[in-house]
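Have the structure open while you read.

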Amino acid sequence: MLSRRSFLAGALVVGLGTRVRVTRERRRVVVVGSGFGGGVSALRLAQAGVPVLVLERGIRWPTGPNAHTFPDVAHLDQRTSWLGSPTFLPVALPDGPRFTGLLQRVAGSGMDIMCAAGVGGGSLVYQGMSLQPSAEVFHQVLPEQLDYARLDRVHYPRVTRMLQLATAPDELIASPNYRASRLFASKAQAAGYATEKCPMPIDWSFALRELRGEMAPSYTNGDCTLGVNNGGKHTVDVTYLAAAERTGRVEVATLHNVTDLTLGQNREWELRVEVIDTSGAVRQVKLITADAVLLAAGSANTTRLLMRAAAHRTVPNLPDGLGTEWGSNADRIYLWTDLGEEFGYPQGGPVIYDSKAWVDPATANTVIQASLPPLPVNRRSTILVGYGVSAGRGHFVWDDGRDEAVLRWPHENDATVQRHIDRRVRAIAGATGVLVDTTALDTTTWHPLGGAPMGSVCDLAGRVHGHPGLYVLDGALIPGSTAACNPSLTIAAVVERAMDEIVPRDF
């Protein structure tokens, strides 16, 4: 980390003689990150009259009918990658300038983590499955003190309203583009597994309009993996953050990359922020002092920022549990191919049905079918995704040579739940189906959880133990699993609960 003596006469030497301006700011509250945790936090503070600065390292990704904001999965370009980071699977991007794109791959030992960048965070690129766990499965991995009954009565419904969750209309499902979804449901039911429509943060009228030829395909051809260009997807930027900005009390600063956190002599928090351009070049450095800092940069980046502060002693006496209780949510992604079946081409998306196996909370898992993105030829394939309850946990360690925190993840951690998921997807695929476990070939997770967990690092409302004014309000707070569901709905509900406590008591 650069010491205070590195800042001279309002200029900072960066690289080989490059100078950028250094400025100082004073703010009441700073939120780092603009995904679910950051969006919920900013809105609830603003509604209480508290001014908030939201720092987001990425850019805004505006959508609208026939927009070309997001990259096409069949023709990936620099918009896919955060400043040249490797992408998912062994997919090489064409040569070109670095860009502050959508996805950063954070390398670990045994597991890599996929992190989103941009206003809206992970909601920009998630498929949108918004599943609420049952009480029994919830309590298998999360503390009873969170009060599931109250979450079920107050906070899950609040998030549902904000994201305008809805299931796909029968008219859409019956169309040729959604044959793969119908096939998944019929084969799962034939194998003895119940299915149901999956709640999604989508205005499905957009997909129906695509079928009528009123706009270019985006949902109905499955090109949803890296954002939906036509709009109609209720991501954090157009729900929580838009409502927060309308209060006039929230400023969202894009291309602001937080590098360091310091506890000042007056118990104020100081953030070192690099203001970058879309090539990643540093154009300015800001030192922002605040009464309170809410970390919502995602499991990997929140944890790494805190561990950097601990290793560099800029925040003394951080809890010993920092870096622990990390989990992959037991993610598994399969390519399902069957030359004897017709999945349809193109395949509409993003997700229509889910199949839950929750009778035994200890081995609970969920399988969904996701559309295969548009490719030049019909591969007679589609995608199955599973996630479940896993007792396996990884942890971050500080690597002095790399000067960063690195995840360590034993491969056997998810072995038990993986067997249960494997058994289910193979039964669904049937005797003629061929399954390729892409997670085994490219060990990554899109659903990282933990690293600054409730209990050992934070209280249930995200307050970091022993450090008033410092909060963790994102997936890093959740110890390893969101109970056989993808994390977004539970993270948002837990943060809604936290803000109900934090706002009146702390502000």
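Serine 175 counts as buried because its relative accessible area is 8%, where buried means under 20%, exposed over 50% and partly exposed in between (1.4 Å probe, protein chains only). You'll find serine 175 in the loop between helix H4 (170-173) and helix H5 (179-190). Leaving aside residues up to four places away in sequence, serine 175 touches Arg182 and Leu211, with contact meaning heavy atoms within 4.5 Å.

A word on the ground rules: this is a predicted model, so local features need pLDDT of at least 70 and side-chain atom pairs count only at pLDDT 80 or more, while totals for chains, interfaces and linings use all residues. Numbering runs from 1 along each chain as its sequence is written, and side-chain values use heavy atoms, with hydrogens and water left out.

Now for the sheet. Six strands make an open sheet with antiparallel pairing, in the order E6-E12-E13-E14-E11-E17. Its edges are strand E6 (196-197) and E17, each pairing on one side only. Helix H9 (residues 415-429) packs on this sheet and touches strand E11 (332-337), E12, strand E13 (365-370), strand E14 (381-388) and E17, with its direction at about 20 degrees to that of E11. That angle lies between N-to-C directions on a 0 to 180 degrees scale, using axes fitted to C-alpha atoms (for helices, over the stretch in contact). Helices (H or I, at least four residues) and strands (E, at least two) are DSSP runs numbered from the N terminus, and two strands pair if DSSP finds at least two bridges between them.

Here are some of the antiparallel pairs:

| Strands | Bridges | A facing pair |
|---|---|---|
| E6 and E12 (residues 351-357) | two bridges | Glutamate 196 and aspartate 354 |
| E12 and E13 | five bridges | Alanine 357 and asparagine 365 |
| E13 and E14 | six bridges | Asparagine 365 and glycine 388 |

E13 is mostly covered, with six of its six residues buried. Asn365, Val367 and Gln369 are on one side, and Thr366, Ile368 and Ala370 are on the other.

Over at E17 (residues 434-437), valine 436 sits in the strand and is partly exposed because its relative accessibility is 32%.
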